[in-house]
Amino acid sequence: MKYLLSLLLACSLYGAGFWTLSGLDKTNTIYVANKLAYLKASTVETIKAKIKKALEDNGVKVGMQDAPSMMLSLEEKEGDEVYYVYIKLELGEEVKTFRKDGTETFAITYQATDFIEVDATELDALVLESVDYLLAKFSEQYEEDKE
């Protein structure tokens, strides 16, 4: 337990991420889990297009079989005339554990999150701004891991 706490502290002090994107060269699907009641369908399509463009701009092929899936989830916590939106960008893939039996399982191998406060009139614009922020973090991590 002390080792894990030391590792987490070291990662936070030096800015190193817990996640790795090393060797990522293809993805299968782009999935958006929208749990926001008032987000426009066109905004969800824009999000998918932004994710696809970010992946392709980084040299990652999209729509390939037997590859990780990129997922973005949008969840709302409703307040009084204000929406609190939790946004997660994740990469999920089949991995093999280091256990004796080498169990194969599905795991999240990358995650970036954002939490925003918006009112209904700015919901779509601020969600897209948050998606841009998360994709920029992804691209930065991708470039760091290529080196």
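**Figure legends: the predicted protein chain**

**View 1. Overview of the chain.** Of the contacts (heavy atoms within 4.5 Å) in the protein chain with a separation of 6 or more, 64% are between residues 24 or more positions apart. This is a predicted model in which local features need pLDDT of at least 70 and side-chain atom pairs count only at pLDDT 80 or more, while totals for chains, interfaces and linings use all residues. Residues are numbered from 1 along each chain as its sequence is written, and side-chain values use heavy atoms, with hydrogens and water left out. The chain holds three helices and six strands (DSSP runs numbered from the N terminus: H or I of at least four residues for helices, E of at least two for strands). Their order from the N terminus is α-β-β-α-β-β-β-β-α.

**View 2. Surface and interior.** Of the 147 residues, 37% are buried, meaning under 20% relative accessible area (1.4 Å probe, protein chains only).

**View 3. Surroundings of Thr27.** Thr27 lies in strand β1 (residues 26–27). Its relative accessible area is 0%, so Thr27 is buried. Beyond its neighbours within four places in sequence, Thr27 contacts Leu55, Val60, Lys61, Val62, Gly63, Met64, Ala67, Pro68 and Leu91.

**View 4. Helix α3.** The 24 residues of helix α3 (residues 123–146) span 35 Å from first C-alpha to last, close to the 34 Å expected at 1.5 Å a residue (1.5 Å times one less than the number of residues). Among its buried residues are Leu123, Val127, Leu134, Phe138 and Tyr142. The cover over the buried residues of α3 includes α2 (41–57), β4 (69–78), β5 (83–96) and β6 (104–118).

Technical notes: Buried means under 20% relative accessible area, exposed over 50%, partly exposed in between (1.4 Å probe, protein chains only).
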